Each structure stands twice: as C-alpha cells, then as structure tokens.
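Welcome! Here is a short briefing to read alongside the structure.

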Amino acid sequence: MRHLISLRETSVADILHILDTATSFKEILARPVKKVPTLRGRAMITLFYENSTRTRTSFEMAAKIMSAEAINIAVAQSSVAKGESLKDTLLTLQSLKADCIVIRHHASGAAQFAADHLGIPIINAGDGRHEHPTQALLDMLTIRQHKGDIRGLTVAIVGDIHHSRVARSNIWGLTKMGANVHLIGPRTLLPNSGEQFPVKVFDNLQQGLEGADVVNVLRLQTERMEKGLLPSNREYSRLFGISVRSLKWAKPDALILHPGPMNRGVEISAEVADGEHGIHSAIEEQVTNGVAVRMAALYLLMGTQGSPTQEG
Amino acid sequence: MKMLLFGGRVLDPSQNIDRNADLLIEDGVVSAILDSGSFIGDAERIDVSGKIVTPGLLDIHVHLREPGFEYKEDIESGSRAAAAGGFTRVCCMPNTYPAIDTAAVVLQIINRANEVGLCRVHPIGAATRDMQGDQLTEVDELKSAGAVAISDDAFPLQNADTVLRTMEYCAMLGIPLLTHNEDKLLTEKGAMNEGYNATVMGIPGMPRVAEDIAVARNILLAQKTGCRLHLLHISTAGTVELLRRAKADGIPVTGEACPHHWVLTDAACAGYNTDAKMNPPLRTPEDCEAVKQGLKDGTIDCIVTDHAPHAAYEKEVEFDAAPFGILGLETSLPLVYTTLVKPGILTLSQAIAKMTAEPARVLGLAEGIGTLKVGAPADVAVLDLKKEWTIDRNAVQSKSKNTPFHGMRVHGKAEFTIVGGRVIRIK
C-alpha cells in the first residue's frame with residue numbers, strides 16, 4: 001500500500017491490516033501519556049481545501065501521538081489564494097520534504113491527482129463526492145468492536161447518498177468485508193445507477209431498515225434544500241429521520257453511527273444521538289476510533305516498514 | 001503545369017468512382033481521371049501505387065484557437081495537423097477571442113490561412129455577439145466576408161426565443177445554423193456523462209436527456225422557421241432517433257458525429273483522465289452503437305472531429321476544473337477506417353463520402369468542394385490504408401497533446417495531401 005486514496009481500490013488484506021493496526025493503537029489512546037516515538041523525524045502536511053475541524057484535528061492528533069511533525073495548511077492563507085495550481089502547490093509541499101500529504105479537496109479525484117504527480121504517500125481526507133476512506137475505516141472499526149465480524153451484517157446507510165463521499169467509501173469497504181449494504185434516501189439524493197452497485201437501494205425508510213444491524217446516518221447538508229432537491233428539513237425528517245420510532249424497524253440491538261457534525265432533529269433525533277432509551281449509539285466512540293485509524297494509516301504509509309523511497 | 005498521380009485507386013463517392021485509375025491535375029484543378037497506365041508526357045509523375053486517392057478530406061467542425069488562444073493552437077499548427085490527417089479544408093468554430101462575430105475576424109482568419117497555405121479554412125460565424133447568447137451578430141456581413149455557417153458551439157443558446165430569432169434570420173439569409181445541443185440547467189457543474197462511472201468517481205453527471213431535450217427543441221424550431229439546422233457532435237441514442245424522425249418528417253435538419261463518440265465510452269474517464277473529458281461527454285456502449293447505426297443508415301450525414309486543443313497545463317488539473325475538448329484532426333481517418341470500415345459498418349466509399357461530399361452538402365458549400373470532378377480545385381488526399389501504426393501524443397503536429405487515443409493501434413494514415421495542385425507533405 002503506497003497511498004490511501006479509495007477503498008474501492010484498497011484490497012481486503014490492506015483494509016484488515018489497517019483495522020488490526022488501529023485496534024492495537026487504541027491502547028495508546030487510553031494511556032495517561034499519549035506519546036510514542038514511532039514516527040519521530042517524519043513530517044505530515046495536511047492540505048485542506050475545505051473547512052474541517054474534526055478530520056484535520058484527528059489527523060493532527062494522530063501524527064502528534066506518533067511523534068511526527070504535523071503541519072497544517074489552510075488554503076485561504078496559502079498561495080492557492082494567489083491562483084497557484086494544485087499541481088504546483090503539491091510539488092512545493094513535496095520539495096519542502098513532507099513525508100506524507102493528507103489532502104481534502106472539493107474536487108473528486110484530487111487525491112488521485114496528488115498521488116499521480118508526487119512520489120510521497122498521499123492520504124485522502126475526502127475528495128468531492130468521491131471517497132473519504134479514513135471515515136469508512138473508522139466506521140468499520142467501530143462496527144467490528146461492537147458486532148465482531150462484519151461479514152453477514154446488514155448495514156443501512158441513510159441520507160444524501162448521491163453527494164456523499166462517506167457513503168461511497170462505506171459501500172466499497174463494507175461490501176468487500178462481506179456486509180449487506182442498504183442505501184436509503186429520497187430519490188433526489190440517491191445515487192445515479194445505484195442498482196449497478198453491490199447494494200440494495202431503498203426510497204422507503206421502513207423497508208430499508210428491515211433487518212439492519214447497523215444504521216449509519218449521514219449528515220444532511222442544508223445547501224441541498226437551496227438546490228431544490230428537498231422541500232424542507234421538516235419533510236426530510238418526517239420521511240427519513242432516524243428517531244426512536246423509526247428505529248423500531250431495524251434490529252433491536254442496531255448500532256447507530258453518524259460521521260458528524262449532526263443536525264439534531266433533522267437526520268437524527270436527539271434521543272438517538274445521545275443513546276437514550278437503550279439505543280446503541282457509538283457516535284462519540286467513532287471520533288476516538290478516527291484517531292486510531294489515522295494513526296494506523298500514517299504508521300503504515302510513512303513508518304520505516306512502509307519505506308517511502310521516492311522523495312523529492 | 002501538369003501532375004499525374006499514377007498507380008493508385010481513385011475513390012470519389014461524389015461520382016461513384018472506385019477503380020484503379022490515374023488522376024491528372026492541371027494548373028491546380030482536376031483535369032481528368034484516366035485509366036491506369038496512361039502516359040502524359042509533360043506531367044510531373046507521382047507514384048501512388050497501393051494508395052487510395054480521394055477528394056481532400058473536409059472537417060466542418062474544428063477549433064483552430066486563433067485569434068486569442070494561440071498557446072493552444074494557431075492557424076499554422078492547426079493547418080499542419082489537418083494536412084497530416086488528410087484534410088485539405090476545415091471549418092473553424094467561432095469561440096476565439098475575439099469571437100468570430102465580425103467580418104474583420106472572418107477575413108483575418110481567411111487571410112492567415114491563405115498565408116499558411118497548408119489547408120483551406122472557412123470560418124463559422126458566431127450566432128450572438130461575443131457568444132453571449134442575446135444580441136444577434138451581423139449575419140449577412142459575416143456571410144459576405146466568407147463565413148459558411150453560424151453556430152453557438154461551446155456556448156449553446158439556452159433561451160428558446162433567441163434560438164427562434166436566430167433561425168428566422170439565418171433562414172432569411174440562407175445560411176445553416178449549427179447547434180451545440182445542451183440544456184445547461186440539466187448539466188450544471190457536470191463534467192462527464194451521468195451514470196455508473198460518474199457515480200463511482202463522484203463527478204457531477206451530464207445526463208443524456210440534456211442533449212435530447214435541446215435537440216428536440218431545435219428540431220421543432222427548425223420545422224417552424226424552415227432554417228437549415230445541423231446538429232453538432234451527436235452523442236446520444238436519443239438524438240440519433242430524434243434526427244431520424246425529423247428527417248422522415250421532412251424537416252431540414254442534418255447531423256454529424258465525432259470518432260470519440262462511437263469509439264470510447266465514459267469508462268475512459270477512469271482515473272480522472274482529463275484527456276477523455278469533452279462536451280458532449282463520452283457516453284455509454286448503447287450510445288456508441290446508436291451513433292454507428294445512425295452513420296450506417298444515413299441518419300448521421302457526416303463525420304467531423306471537434307478538434308479542440310488545450311495546453312497540457314490546462315488539462316493537468318482536477319477533473320472538474322479541466323477544460324472540455326480533445327484533439328481530432330490527426331486521428332480521425334485512422335479511427336474511421338479501423339472502427340467503421342474494417343468491421344464492415346461502413347464501406348470505404350461511404351466513410352470517405354462522410355468526410356468529403358456529405359459535409360460539403362450539409363453546409364451547402366460551393367460546387368467543386370469534396371469532389372474530384374473535372375474542373376474542381378485539385379484538393380486531394382492520398383491515403384495508405386495498409387499502414388498500421390500506434391497513435392502517439394508526442395508525435396502530433398498540433399501544439400497540444402490532449403488525445404485519449406494515445407497508445408491505440410490503428411490502421412490507415414494520410415500519406416500526403418494536395419491543395420490547389422500543391423503537394424503538402426508534413427514532416
């Protein structure tokens with residue numbers, strides 16, 4: 001594994017390797033002194049073209065726990081604002097001797113573009129609607145910790161599938177691991193040609209939740225309403241909101257995931273989010289697992305055993 | 001001054017000629033098609049044994065980029081690319097800077113092309129000023145200066161009322177309107193065909209119906225106005241069917257197709273390959289089949305390239321940000337021969353007709369264009385169909401290298417062209 005761009009192009013063996021490595025790293029996060037020297041002398045640069053607190057901080061935390069240098073580039077302050085091309089920006093960061101670039105970009109394919117043009121490991125922290133592999137990996141790590149083997153589980157992904165890179169990474173990762181994946185959402189937010197994916201597609205929440213062991217609730221972007229893809233938050237919530245009532249359609253012990261940040265009362269009710277009424281919500285645990293997964297990704301891609309050799 | 005091309009096979013669909021024969025050119029015009037082995041004492045003799053001698057190929061849809069975008073292509077490099085591809089005549093689209101919206105720009109292009117002298121060039125005038133989609137251009141002045149058609153290519157007219165007025169005006173002046181057919185409201189932010197591949201890649205899609213709707217609207221307006229309508233770069237099965245029905249209904253409409261729209265599908269975009277990004281986009285296997293069927297049954301009148309050079313740095317960007325368009329002039333003939341003629345979809349004569357006499361008919365170009373009739377200008381292509389070669393983006397004449405066909409093994413290549421009796425050999 002030289003990069004982490006998409007789970008569609010990551011082997012089952014590599015996915016398992018990352019999850020197993022992350023599982024062993026979780027112990028470090030429980031220590032009072034969260035610092036290991038594993039990546040001392042290595043430098044990770046995060047290059048974020050989209051606002052993100054959660055993902056960028058998670059990568060930064062992961063790097064620092066592993067004793068790597070973490071340098072964050074926010075695009076508004078960089079030469080990108082002066083019109084520099086993505087290619088030139090990337091080449092500059094490589095010449096600064098970064099050992100790994102973590103990139104988030106509004107254009108699908110931007111991480112692949114970086115990998116095509118640079119000789120250092122690239123981690124995709126979300127590119128357009130394409131993929132967000134570390135999010136799906138942390139979702140899978142969380143599922144594994146609660147449910148054991150992923151194989152044979154039914155995982156329902158609810159919401160704006162069409163625009164969601166989280167959904168795409170989950171579809172590939174989960175189906176590779178042997179899960180049955182249900183995609184649920186209004187037709188205006190379901191993916192085009194969804195029937196050609198190895199999943200079942202539903203525009204009815206009750207039908208889609210039937211038999212679900214895991215319900216992964218996607219964030220509803222308010223800009224979807226502005227585009228006329230939905231009439232209102234209220235109607236969306238009525239038809240597709242995950243609440244105590246609608247969760248009765250899933251299995252009684254269904255695990256609730258959400259990539260955050262949540263719109264309480266829209267795609268997910270407060271009771272479900274907070275795990276009241278005996279509901280198994282793992283949303284906070286997902287955040288911690290995110291650090292473990294990113295530690296694993298950084299370790300495997302820029303640790304000495306990962307041997308990135310084509311610097312500069 | 002006489003020249004005899006001897007030993008070849010003369011193929012001229014405009015006269016139903018396909019036989020071993022010698023072509024005699026005298027003072028820049030076709031003088032005679034003679035039985036093989038004829039002896040003309042005072043003629044320069046050019047041995048074309050084993051080669052096909054056809055009217056010079058005609059591409060009515062290219063972007064030469066001059067004036068304004070000479071870093072992508074200019075009239076000289078575009079003419080070289082055309083000549084290397086067997087073309088002796090091209091029509092260039094108006095999305096230059098300034099746009100071809102005044103007689104001055106028309107004349108500038110014609111004069112520059114004549115100076116270069118490698119390929120004849122006919123400008124196509126813009127439908128609206130600066131291609132902004134509202135104020136009509138001075139169509140009669142454009143036509144008088146030498147524009148052979150009017151088009152909205154690259155900036156498709158969205159307002160049906162503007163299309164209606166443009167058609168009424170073009171119908172009055174007897175000049176064809178060439179439309180890029182796209183409902184932009186359905187393709188906003190789109191960068192490739194809507195479908196499974198776009199969904200996997202996370203690229204906003206351009207649905208096929210966006211083309212079909214615009215085609216249907218334009219056909220209905222052509223029926224209302226009697227304007228000669230020509231549909232540019234047909235890419236969908238729906239458009240082929242709409243054109244077929246319109247022709248059956250006697251509406252004055254014709255259509256064209258580009259090789260990439262039957263050779264490649266949207267799967268070629270995989271890996272975010274910006275050299276497979278053009279507009280209309282690469283579609284599905286069913287669309288490729290429909291385009292081939294349309295060419296076979298005559299629904300689609302002619303073959304063009306939509307030659308659209310872009311600099312490497314413009315294409316070396318995020319897929320969404322890359323400009324639409326690919327090269328075409330140097331790969332058209334081999335792709336037509338390899339993917340249509342060799343598999344038996346078109347006869348060689350039908351294929352050559354769609355690259356010579358048919359596009360001339362579509363635009364109503366002057367008598368003597370796209371033909372080897374006696375007295376016609378001696379614009380000739382000499383083709384070596386036995387040649388097998390590999391398309392190499394680094395070996396093109398164009399200033400740009402944006403071809404998705406790099407590395408493809410093909411058959412057939414233009415050996416040289418003759419323009420007005422002058423032999424043009426590139427390289």
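This is a predicted model: local features need pLDDT of at least 70, side-chain atom pairs count only at pLDDT 80 or more; totals for chains, interfaces and linings use all residues.

**How confident is the model?**

- Chain A has an average pLDDT of 93, and 95% of its residues score at least 70.
- One stretch of chain A to treat with care is residues 306-312, where pLDDT stays under 50.
- For that stretch, residues 306-312 of chain A, the model has 14 contacts beyond four places in sequence.

**Chain A and its domains**

- Chain A is divided into domain 1, made of residues 7-131 and 288-302, and domain 2, made of residues 133-286.
- Where the two touch, domain 1 of chain A contributes 32 residues and domain 2 of chain A contributes 27 residues.
- Together, domain 1 of chain A and domain 2 of chain A bury about 2500 Å², with 58% of that area on carbon and sulfur atoms.
- Between domain 1 of chain A and domain 2 of chain A there are two salt bridges.
- Arg144(A) and Asp20(A) form a salt bridge through their side chains, at 2.8 Å from N to O.
- There are also 20 residue pairs in polar contact between domain 1 of chain A and domain 2 of chain A.
- On the side of domain 1 of chain A that touches domain 2 of chain A, the elements giving two or more residues are α1 (12-29), α2 (54-65), β3 (100-105), β4 (122-127) and α12 (283-302) of chain A.
- The element that gives the most to this side is α1(A), with nine residues.
- Sorted by class, this side of domain 1 of chain A has eleven nonpolar, ten polar and eleven charged residues.

**Chain B and its domains**

- In chain B, the assignment gives domain 1 as 2-52, 377-388 and 410-424, and domain 2 as 56-363.
- The C-alpha centres of domain 1 of chain B and domain 2 of chain B are 30 Å apart.
- Their contact involves 22 residues from domain 1 of chain B and 24 residues from domain 2 of chain B.
- About 1800 Å² is buried between domain 1 of chain B and domain 2 of chain B, and carbon and sulfur atoms account for 70% of it.
- Two salt bridges are counted between domain 1 of chain B and domain 2 of chain B.
- Arg120(B) and Asp379(B) form a salt bridge, with their closest N and O atoms 2.7 Å apart.
- Five residue pairs are in polar contact across the interface of domain 1 of chain B and domain 2 of chain B.
- On the side of domain 1 of chain B that touches domain 2 of chain B, two or more residues come from each of β2 (9-12), β18 (380-390), β19 (409-419) and β20 (422-424) of chain B.
- The largest share of that side, eight residues, belongs to β19(B).
- By class, that side of domain 1 of chain B holds 13 nonpolar, five polar and four charged residues.

**Where the two chains meet**

- Contact between the chains involves 17 residues of chain B and 22 residues of chain A.
- Chain B and chain A bury about 1600 Å² between them, 55% of which comes from carbon and sulfur atoms.
- Tyr196(B), Thr199(B) and Glu318(B) supply 37% of the area that chain B buries against chain A, more than any other three residues.
- One salt bridge is counted between chain B and chain A.
- Glu316(B) pairs with Lys87(A) in a salt bridge, the closest N and O atoms being 2.5 Å apart.
- Nine residue pairs are in polar contact between chain B and chain A.
- The side of chain B that touches chain A has seven nonpolar, four polar and six charged residues.

**Salt bridges in the whole structure**

- Over all chains, a search of the whole structure finds 35 salt bridges.
- One of them joins the side chains of Asp213(A) and Lys251(A), at 2.9 Å from N to O.
- Asp213(A) is in the loop between α7 (205-209) and β8 (214-217) of chain A, and Lys251(A) is in the loop between α10 (244-247) and β9 (255-257) of chain A, so this pair ties together parts that are 38 residues apart in sequence.

Key
Residues are numbered from 1 along each chain as its sequence is written. Chains are lettered from A and ligands numbered from 1 in the order in which they are written. Side-chain values use heavy atoms; hydrogens and water are left out. pLDDT is the predictor's confidence in each residue, from 0 to 100. Contact means heavy atoms within 4.5 Å. Domain bounds come from an automatic or database domain assignment. Buried area is the accessible area (1.4 Å probe) that two parts lose on being put together, summed over both. A salt bridge is a side-chain nitrogen of Lys or Arg within 4 Å of a carboxyl oxygen of Asp or Glu. A polar contact is a pair of N or O atoms within 3.5 Å; within protein, one must be able to donate a hydrogen and the other to accept it, and residues adjacent in sequence count only if both atoms are side-chain atoms. Helices (H or I, at least four residues) and strands (E, at least two) are DSSP runs, numbered from the N terminus. Ala, Val, Leu, Ile, Met, Phe, Trp, Tyr, Cys and Pro count as nonpolar, Asp, Glu, Lys and Arg as charged, and the others, Gly among them, as polar.
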